[in-house]
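Please have the sequence and the model open side by side.

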Amino acid sequence: MDRRQFLLSATALGACGIWASRSDAAPSRIAWREDRRLFPQGVASGDPDDHSVILWTRRPFDQGERHELTIEVAKDRGFRHVVAQSRVPVLAASDWTTRALVGGLTPATPYWYRFTDDSGGGSRIGRTITAPRSNDPRPVRFAFVSCNSVNEGAQNAYARMIWEDERAAADRKLGFVLHLGDFIYEVVEYPEELPHRFSRTVYDIGKVPDARKVSNFHVPTNLAGYRFVYRAHINDPDIQDARAHFPFVCIGDNHEFSWQGWQSFIKYGATVEPAQPLRVAANQAWWEYIPSRVAKASGEGLEEFDPPAVTAAPIETFDDHGFGTEPNNRIAVGSMTAYRAMRYGKNIELILTDHHSYKMADPTDRPDAAALDSGQYPVLPQEWMEIVDGGRDYNGGQPPATIGIGDKTIPNFRKDEPPVTVLGQEQKAWLKERLTRSNATWKIWGVTNGPLDMRTDAQNLPVGFIKTPWMGKDFGTFGGGDFSGAFHERAEIYDLVRDQKVSGFVTVSGDRHSFWAGYAAPRLPPAKFEPVGLSFITGSISAPGMGEAVEGMREANPLRPLYIRKPVGGEPEHVVNLMLKRGVRSALEYSASGDIAKARALTNPDVAPHVEFVDMAGHGYSVVSAGPDVIETEFVCIVRPVARATTPDGGPLRYRVSHRARLWSAGMAPELRQRVLEGDPKLSV
């Protein structure tokens, strides 16, 4: 790309374009003195390609609507070899944030950058790295993460990540960090109202302006509220250090808008409300605080989001893909398009999808589905879920007229409706095109929320274990909250991978607050199990998950042995991992005896042939190393981050586990090889 093309692309992104010189590096002449108080959220970089990267900072001013900063980019931390320097605007209308797209850089190269105001007050120094060229055969390493909750935990995983990266050999350093969503939690707790949740201390991150209270949470009602929440998260020193040390590639999940929201809807309890202005505000705050190459609908503005005007009108009609046709809904969702693809050398194409902006309303939330409640069971029969999910396309277009519930039936309220879509029509077509067109060795799909089935064999529970007989035929699923419950659409994508002989297909995910490793398969037993790729889910950076929640189960609860075992004088053991990977008989045996060999001997091979590893109590991050022949994903699990670590390494590890696979031929099944490098995750393997 030449200078003119680059500046045109910068304009389309809404960023200030700066062209670097590769030959005329010179010492800085700026009287920079670091003053982090003037730049309270530090610096960040995002979405690098092989010649450019977006740089970001926030410099609030007490007066005026517009100021300018000087940005410098150098080949060294001492700024003796400055390759780019320019003036960039910082506006009150953008909450005093600024973005600059710097081009003309050398591929696969680290750079350092800083901002300085007219008084000489300077930001901290940031470090970024450009991507390798698309024909570069060298392996690429990156970390993938999700779920930073500064309200309920510490971000020690980032400290560990930086600590290890600084000590790594040159060919083992991370090229970027992929953040798969829930960068913020828009649901904020106040410690004077709720001092503790689970085993966590609720930390004071301030008060959300103009907040709405929902149960124990305070949520934004406008742009000011979202901006506050972003600042509160980036104020965390470990998040800020990570953004200054690595380029980030980000895609949002649900909490960047509303916990149970989709399109322009918000949902609190049973109440669903149109919230088009809130969707626009959430998109604007993302654009302002996350440096990325997302597209905004306002066009060629260089300096601000310029949000469209929308009203909170009722959304009552939907197209055949479940998208609300009300004009304000279309405008609000379309104010920012986040799904995109990026190339990192010869070996990686990274494909990111948005799983909340275009998704259909969950049909299991409808009153018609109330009869599908399985009583005391923690899971729902998978065959019910598949019928409801598949709609009129279920069973090859021959859905049943009724759904059986034990010895009763209800009308199939979905038999004349389209199958559930999470991706939406346009995004799904784009995803298919990217997957089939890519010539990268590894096509890595960032799915934001987990596609690996989360199920168990409730049919094998002992008679009388629960008073109500099991109402299903075979397996029960926890699905419905993430992409694992989109049975039809997930199979559609995986069948495409198989039919089009797409090689090197891998999914990486977050959101589930747990570590999972296994296989991408369109169907599980009793259907034929045919994996088409690999699938990994990373534990949360800090947000609590199911493993932590079940520690509070009462001893009288009959389900307790399926979830947790508390040996005398020992730490709680998360038997739920065995239930999900090996089945209920394995879980019950371990809860009774504590003998892992006996528990493994009772494994049901049909419950989870797609799962090689599961830890429902895991926190930390994952590292992918992708080369021409082999891909490896390493889970780095830290101890529960209830308080900020006091050591530079972010505190001790629980375990480190490697999952490695050679590139398989099209039509063949992949094979994961697992190694425990540190610790003993015995209930997870």
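**A walk through the model**

Helix α9, residues 425–437, has 13 residues and reaches 18 Å from its first C-alpha to its last, close to the 18 Å expected at 1.5 Å a residue. The expected span of a helix is 1.5 Å times one less than its number of residues. Helices (H or I, at least four residues) and strands (E, at least two) are DSSP runs, numbered from the N terminus. This is a predicted model, in which local features need pLDDT of at least 70 and side-chain atom pairs count only at pLDDT 80 or more, while totals for chains, interfaces and linings use all residues. Residues are numbered from 1 along each chain as its sequence is written, and side-chain values use heavy atoms, with hydrogens and water left out.

Which residues of α9 are buried? They are Q427, K428, W430, L431, R434 and L435. Buried means under 20% relative accessible area, exposed over 50%, and partly exposed in between (1.4 Å probe, protein chains only). An α-helix has 3.6 residues a turn, so residues three or four places apart point the same way. The face of α9 turned away from the buried side carries the exposed residues E426 and R437. On the buried side, the residues of α9 pack against β22 (340–344), β23 (348–352), β27 (442–449), α10 (487–499) and β30 (505–510). Contact means heavy atoms within 4.5 Å.

Another helix, α2 (residues 156–167), has 12 residues and reaches 17 Å from its first C-alpha to its last, close to the 16 Å expected at 1.5 Å a residue. Its buried residues are N156, A157, Y158, A159, R160, M161, I162 and D165. N156 has a relative accessible area of 5%. Leaving aside residues up to four places away in sequence, N156 touches D238, I638, P641, A643, R644, A645 and G650.

The pockets come next. On a 1 Å grid over the protein atoms alone, a pocket is an open set of points where a 1.4 Å probe fits, with protein on both sides within 12 Å along at least five of seven lines; lining residues have an atom within 4 Å of a point. The largest pocket has a volume of about 1500 Å³. Its lining has 49 residues, and the closest to its centre are N254, W259, Q260, G481 and D511. By class, 20 residues of this lining are nonpolar, 17 polar and 12 charged. Here Ala, Val, Leu, Ile, Met, Phe, Trp, Tyr, Cys and Pro count as nonpolar, Asp, Glu, Lys and Arg as charged, and the others, Gly among them, as polar.

The second largest pocket holds about 660 Å³ of space. Of its 30 lining residues, P139, V140, R141, D171 and K173 are the closest to its centre. The strands β10 (126–129), β11 (140–145), β34 (619–626) and β35 (630–638) each supply at least two residues of the lining, and the largest share, three residues, comes from β35. The lining of the second largest pocket divides into 16 nonpolar, four polar and 10 charged residues.

E186 lies in the loop between β12 (176–179) and β13 (196–197). With a relative accessible area of 1%, E186 is buried. Beyond four places in sequence, E186 touches H218, V219, P220, Y226, V229, H255, F257, S258 and W259. The C-alpha atoms of E186 and G481 are separated by 18 Å, and the two residues are 295 residues apart along the chain.

G476 is in strand β29 (residues 476–477) and is buried at 0% relative accessibility. Its contacts beyond four places in sequence are V379, L380, P381, Q382, R455, T456, A458 and W470.

Some backbone angles remain. Most residues other than glycine have a negative phi, and most peptide bonds are trans. W96, in the loop between β6 (82–91) and β7 (97–103), has a positive phi of about 65 degrees although it is not a glycine. W96 counts as buried at 9% relative accessibility. H513, in the loop between β30 and β31, has a positive phi of about 60 degrees and counts as buried at 13% relative accessibility. A cis peptide bond, with omega about 15 degrees, joins P525 and P526. P526 is in the loop between β31 (515–520) and β32 (533–537).

How values were computed
Grid points are joined across faces, edges and corners, and a volume is the space filled by probe spheres set on the points.
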